[in-house]
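Here are my notes on this model, point by point. Please read them with the structure open.

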Amino acid sequence: MPEPTVVVCDGQKGILLAIGRVWPKARIQRCHFHVWQNVRTKLSLHPTTLAGQQLLTLTKQLPRGINTQEEAAIWIKSLYGWEERWHGLLRERTLRENPPPHKRQWWYTHGKLRSAYYQLHKLVESNQLFVYLEADLTDQPIPRFTNHVEGGINSQIRTKLKLHRGLNQTHQQRLVDWYLSSRTETKKPPRKFL
């Protein structure tokens with residue numbers, strides 16, 4: 001495949017590594033839904049701290065839509081403002097009373113909050129959050145979600161494989177081949193897959 005200008009992905013380490021090796025010049029746009037999902041997993045839907053509630057509210061704005069460079073700049077400024085306000089909380093540590101030998105003597109008290117913030121911070125710093133707003137990159141709009149990949153035909157394939165869990169790998173491949181062929185203009189007869 002020729003190197004694309006932009007790859008929209010969920011940010012799994014394997015895909016990021018593969019993109020870096022195969023398409024080193026391709027820009028990466030991280031899926032806003034997956035970013036939201038990752039932060040939500042770390043903070044829960046009902047964070048107990050005010051800092052967690054504010055970070056969750058800020059993160060909710062991503063899947064709801066940031067449509068201009070100005071809105072993106074305001075969002076980034078809000079994220080850095082959040083970090084400035086809660087910097088001390090992010091650095092708080094809890095000491096272990098009687099640590100076993102060769103074990104760490106402390107941990108970050110708000111480790112999940114810290115992890116959620118630094119995930120967003122890293123995406124901003126690596127310029128992977130708002131690539132879709134750069135209109136001059138391609139001649140067509142850049143999506144900010146991976147819905148086209150995960151929905152549509154792929155979700156139907158996943159459903160078929162789930163319904164036929166007992167099939168071995170060869171038969172699963174035939175099922176997928178048959179399904180994909182049935183969705184094309186030049187359908188192959190079923191005997192080709194049996």
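1. Start at strand β1, residues 6–9, where Val 8 is found. This is a predicted model, so read every distance below as computed from it. Beyond four places in sequence, Val 8 touches Gln 29 and a run of residues: Ile 142, Pro 143, Arg 144, Phe 145 and Thr 146. His 32 lies 24 residues from Val 8 in sequence; their C-alpha atoms are 9.8 Å apart.

2. Next, Glu 134. This residue sits in the loop between α5 and α6, the latter being residues 147–150. Is Glu 134 buried or exposed? Its relative accessibility is 19%, and buried means under 20%, so Glu 134 counts as buried. Its side chain has a polar partner: the side chain of Arg 27, at 3.0 Å. Apart from neighbours within four places in sequence, the contacts of Glu 134 are Arg 27, Gln 69, Asn 127 and Ile 142.

3. Thr 41 belongs to helix α2, residues 32–43. With a relative accessible area of 59%, Thr 41 is exposed, because the cut-off for exposed is over 50%. Where does the side chain of Thr 41 reach? To the backbone oxygen of Gln 37, at 2.8 Å. Thr 41 and Ala 116 are separated by 75 residues in sequence, yet by 8.9 Å in space, C-alpha to C-alpha.

4. Now the helix pair. Helix α4 spans residues 69–91 and helix α5 spans residues 111–125. They pack at about 145°, and their axes are 11 Å apart. The crossing of α4 past α5 is left-handed. On the α4 side, the contact is made by Trp 75, Ile 76, Leu 79, Tyr 80, Trp 82, Glu 83, Leu 89, Leu 90 and Arg 91. On the α5 side, the residues are Leu 113, Arg 114, Tyr 117, Leu 120, His 121, Val 124 and Glu 125. How do the residues of this contact divide? Eleven are nonpolar, one is polar and four are charged.

5. Last, helix α8, residues 169–182. This helix has 14 residues and reaches 20 Å from first C-alpha to last, close to the 20 Å expected at 1.5 Å a residue. Asn 168 caps its N-terminal end. There, a side-chain oxygen of Asn 168 lies 3.1 Å from the backbone nitrogen of Thr 170. Which residues of α8 are buried? They are Leu 175, Val 176, Tyr 179 and Ser 181.

Notes
Residues numbered from 1 in each chain as written. Predicted model: local features only at pLDDT ≥ 70, side-chain atom pairs only at ≥ 80, totals over all residues. Heavy atoms only, no water. Axes fitted to C-alpha atoms, helices over the stretch in contact; angles between N-to-C directions. Helix = DSSP H or I, 4+ residues; strand = E, 2+ residues; numbered from the N terminus. Left-handed = near helix turned anticlockwise from the far one by under 90°. Contact = heavy atoms within 4.5 Å. Nonpolar A, V, L, I, M, F, W, Y, C, P; charged D, E, K, R; others polar. Buried < 20%, exposed > 50% of the residue type's maximum accessible area, 1.4 Å probe, protein only. Polar contact = N/O pair within 3.5 Å; in protein donor to acceptor, adjacent residues only side chain to side chain. Expected span 1.5 Å × (residues − 1).
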